[in-house]
Amino acid sequence: MFKAWILLTLLWLAVLPAGGKEKGQPLRLWYDHPANVWEEALPLGNGTTGAMVYGGIGREQFALNDHTLWSGAPNPGNQAKGPEILPKVREAIFAGDYEKAATLWKGMHGPYSERYLTLGDLFLDFGEDTSVTGYSRNLDLRNALSTVSFTRDGVAYQRESFISFPDQAMVIRLSASRKGKISFGAELSSSLRHTVEVRSPGYLVLKGKAPKHVAHRKEEPQQIVYDGPDGEGMTFEVHLKLIPKGGELVGSDSATGVKNADEVLLLLTEATSFNGFDKSPTREGKNPSEIAFRKMEAVSAFSYPQLLNRHLRDYQKLFDRVELNLGPQQTGTPTDERMLNYNHGAADNGLVALYFQYGRYLMIASSRPGTPPSNLQGIWNPHVQPPWGCNYTININTQMNYWPAEITNLPECHQPLFDFMEELAVNGAQTAKVNYGIESGWLAHHNSDIWAKTSPTGGEDWDPRGTPRWSAWPMGGAWFCRHLWEHYLHTGDRLFLAERAWPLMKGAAEFALAWLVEGPGGWLVTNPATSPENTVKIGGKAYEISMASTMDMSIIRELFSNCLQAARELDADPAFAARIGQALPRLYPFHIGQYGQLQEWFNDWDDPHDSHRHISHLFSLYPGSQITPEFTPELARAAKQTLIHRGDVSTGWSMAWKVNWWARLKDGDHALKILKDGLKYIGSKTEVMGGGGSYANLFCAHPPFQIDGNFGGTAGIAEMLVQSHEGFIHLLPALPREWDAGEVKGLVTRGGFVVDLKWQNGRLTDAVIRSGLGGHCRIKVAGEAVCRQTRLQETSGKGLNPLLQQPDGVDFRNQSKVDLPELQLPAGKIYEFPTLAGKTYHLKITE
């Protein structure tokens with residue numbers, strides 16, 4: 001039997017990013033050929049500006065995006081007849097006439113959300129492709145830097161590019177090993193209406209206008225609709241400046257370039273007229289010309305080394321917080337070849353670590369304070385009519401984008417979602433009143449956009465394909481509130497809880513209280529209710545709408561529970577908390593069905609052969625915490641049975657969710673199996689289909705590309721290494737056997753603890769826990785162990801949590817050293833010890 005000694009020592013150390021200034025393994029996506037399609041190009045971004053770098057030899061392409069460039073303008077889409085429709089829908093559902101209820105519900109349908117758009121392209125034309133040697137195209141995740149290099153005719157050429165958050169610009173440097181060897185033409189273009197002009201030698205400006213409407217369906221008579229120059233439709237500008245060393249600037253009326261330069265610095269800035277979710281981008285919009293020019297003036301004041309250093313300081317303070325080492329990085333093999341080798345059974349745990357860190361990179365690149373939240377494709381999109389509008393699908397996808405934010409130590413990147421929630425709350429309060437006659441609280445349905453749309457989409461009365469199975473779901477706001485609570489649990493930010501989280505949480509709960517009605521048996525139920533995008537078969541016939549779906553009730557149960565805890569933390573709104581406390585035990589409960597599965601629906605209608613991608617009724621297993629193997633073992637077994645019924649392979653994001661579910665069930669081997677399926681190389685398939693997989697650039701495939709799977713995969717890997725949702729920190733709770741040795745640094749748990757772990761032969765050997773908030777730390781370590789000694793050194797008591805309880809009545813606030821008795825730790829039990837804010841605790845485990 002494994003036995004260990006745990007030596008727990010408080011170290012007098014400042015909290016530093018994981019590993020201090022030491023760099024870990026090289027983390028590069030690299031290829032020995034240019035990208036042939038967009039899904040092979042490499043992404044850059046600063047939360048506002050995005051680019052995909054192709055790495056062409058004779059002709060380079062940067063596909064550009066702006067996070068705020070969308071079609072249309074604010075359009076609430078609420079239905080004034082809604083309060084008349086709702087009671088009829090409920091009556092039909094209580095009578096069991098689900099088909100009639102679905103037909104009635106379609107009267108609630110408003111217009112579809114708007115579309116996220118491509119900005120344009122920057123092309124650099126170097127002439128005809130000729131034979132080159134030593135070609136390499138890479139993205140360095142440690143520097144957020146793209147590099148293309150090759151040798152031609154004895155000259156080594158290099159292109160470096162990054163998009164700076166502090167300077168709000170894309171920066172490109174072209175260099176060569178011999179002077180006078182850089183010549184090229186530069187042009188800007190866009191798939192949207194635009195003009196291009198040369199403002200001055202080496203300074204190019206593209207001015208564009210977005211459509212006022214982009215169709216949702218291919219069969220719509222009007223597909224892409226533009227208004228006049230002063231009509232609706234966002235405006236935008238892209239500015240490009242060339243700064244050569246040596247050589248000369250050349251150009252025409254609409255293009256520019258450089259001839260015989262030694263080195264060239266290219267600066268690109270851009271802006272749109274977007275001025276907020278509730279303002280017309282034309283009548284009330286910002287001036288993109290002024291903004292883009294002002295950015296260009298500012299960035300032009302710095303040299304390339306200065307710009308690079310400013311970029312690195314900003315980026316690395318986020319990225320360097322976490323390290324993951326699962327084995328060597330196969331730096332000599334291109335990433336696409338590594339994927340194929342991994343698909344065929346070759347060992348490459350380093351590829352998993354690269355994929356994990358790629359998800360963190362994509363979050364930093366697509367979601368920064370002051371920007372919109374990342375959408376279905378983050379910020380990268382080459383289309384005017386992208387799949388699903390590249391919008392905010394908030395019945396899983398937008399939420400999944402932010403699952404890694406807290407646990408992988410990127411809480412700043414969570415902020416855009418909170419900003420978006422505040423906008424949704426404004427519009428969602430109106431939708432609640434107009435559509436449902438509910439005067440308190442706010443909601444959001446399953447689709448939204450830059451205009452913070454909250455009404456149920458479905459094409460109003462013109463689209464027969466609009467369907468209640470996704471539109472009759474006002475739970476988006478309630479689900480989002482979990483992100484607020486998780487941010488508080490990980491950071492302990494009481495000001496955030498009081499001023500931002502609590503008003504939103506309370507508002508969502510107020511709507512939920514008003515939305516619930518008494519159902520059979522006196523239970524409180526949602527009516528209507530769906531299990532997002534799925535149907536239920538009753539008597540061989542498919543129906544879309546019922547009452548008290550397990551997902552609905554799970555989300556509300558989580559929301560109410562979190563609201564009660566928040567009210568206690570803040571000592572706020574006792575009357576409201578009492579209402580929540582009275583409603584909570586009356587919520588329709590979980591049920592285990594005839595096949596041992598967790599029921600998806602109000603009644604036991606589940607089909608064990610259903611393989612639908614949405615398994616929404618497992619919400620309480622993950623991201624929720626109402627179902628755990630530790631505290632609700634029967635429900636956990638039922639959730640496992642549901643996962644077995646649904647199978648492993650599905651769409652990319654669905655498989656990412658399954659990785660997290662299996663991790664929560666403490667089955668790391670199964671979680672890894674699905675993660676491997678998600679890393680299946682699928683070439684350039686972009687048609688809408690299932691099967692999951694990844695593109696050569698590691699973008700997750702539905703197919704087509706959806707970024708949520710990348711973020712969900714990163715979160716799932718973290719959940720395999722540490723979990724804290726059960727009231728304690730579980731170290732290595734779902735470690736796969738293939739990860740027999742490794743190290744992770746910088747993961748964050750609830751309670752504000754930062755955790756570093758090492759393991760060997762599948763067993764924890766070393767752990768460092770840094771306490772950010774103080775308070776008690778509760779840990780669970782696999783195997784039988786003994787805490788041999790607990791020592792507190794050089795403690796002044798400053799920063800001590802006033803609620804901290806002292807072990808066995810010992811007061812160590814003014815003690816320089818305290819030795820505690822030896823503690824026996826039986827296998828699987830929880831060890832609890834007090835901590836001081838800002839101090840570091842070392843657990844050393846030896847045979």
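Visitor: Is Cys563 buried or exposed?
Guide: The model is predicted, so local features need pLDDT of at least 70 and side-chain atom pairs pLDDT 80 or more, while totals for chains, interfaces and linings use all residues. Residues are numbered from 1 along each chain, and side-chain values use heavy atoms, without hydrogens and water. Buried means under 20% relative accessible area, exposed over 50%, and partly exposed in between, with a 1.4 Å probe and protein chains only. At 2% relative accessibility, Cys563 counts as buried.

Visitor: How many disulfides are found in the whole structure?
Guide: A disulfide is a pair of cysteine sulfur atoms within 2.5 Å. The sulfur closest to that of Cys563 belongs to Cys481, and at 6.8 Å it is too far for a bond. Cys481 counts as buried, at 2% relative accessibility. The search gives a total of 0.

Visitor: How do H12 and H13 lie to each other: oblique or roughly antiparallel?
Guide: Helices are DSSP runs (H or I, at least four residues), numbered from the N terminus. Axes are lines fitted to C-alpha atoms over the stretch in contact, with angles from 0 to 180 degrees between N-to-C directions; under 35 degrees is roughly parallel, over 145 roughly antiparallel, 65 to 115 roughly perpendicular, and the rest oblique. H12 (residues 494-515) and H13 (residues 550-570) pack at about 140 degrees, with axes 10 Å apart. That makes H12, relative to H13, oblique.

Visitor: Which residue of H13 in the contact is a cysteine?
Guide: Contact means heavy atoms within 4.5 Å. H12 contributes residues including Trp502 and Met505. From H13 come, among them, Phe560 and Cys563.

Definitions and conventions: Helices (H or I, at least four residues) and strands (E, at least two) are DSSP runs, numbered from the N terminus.
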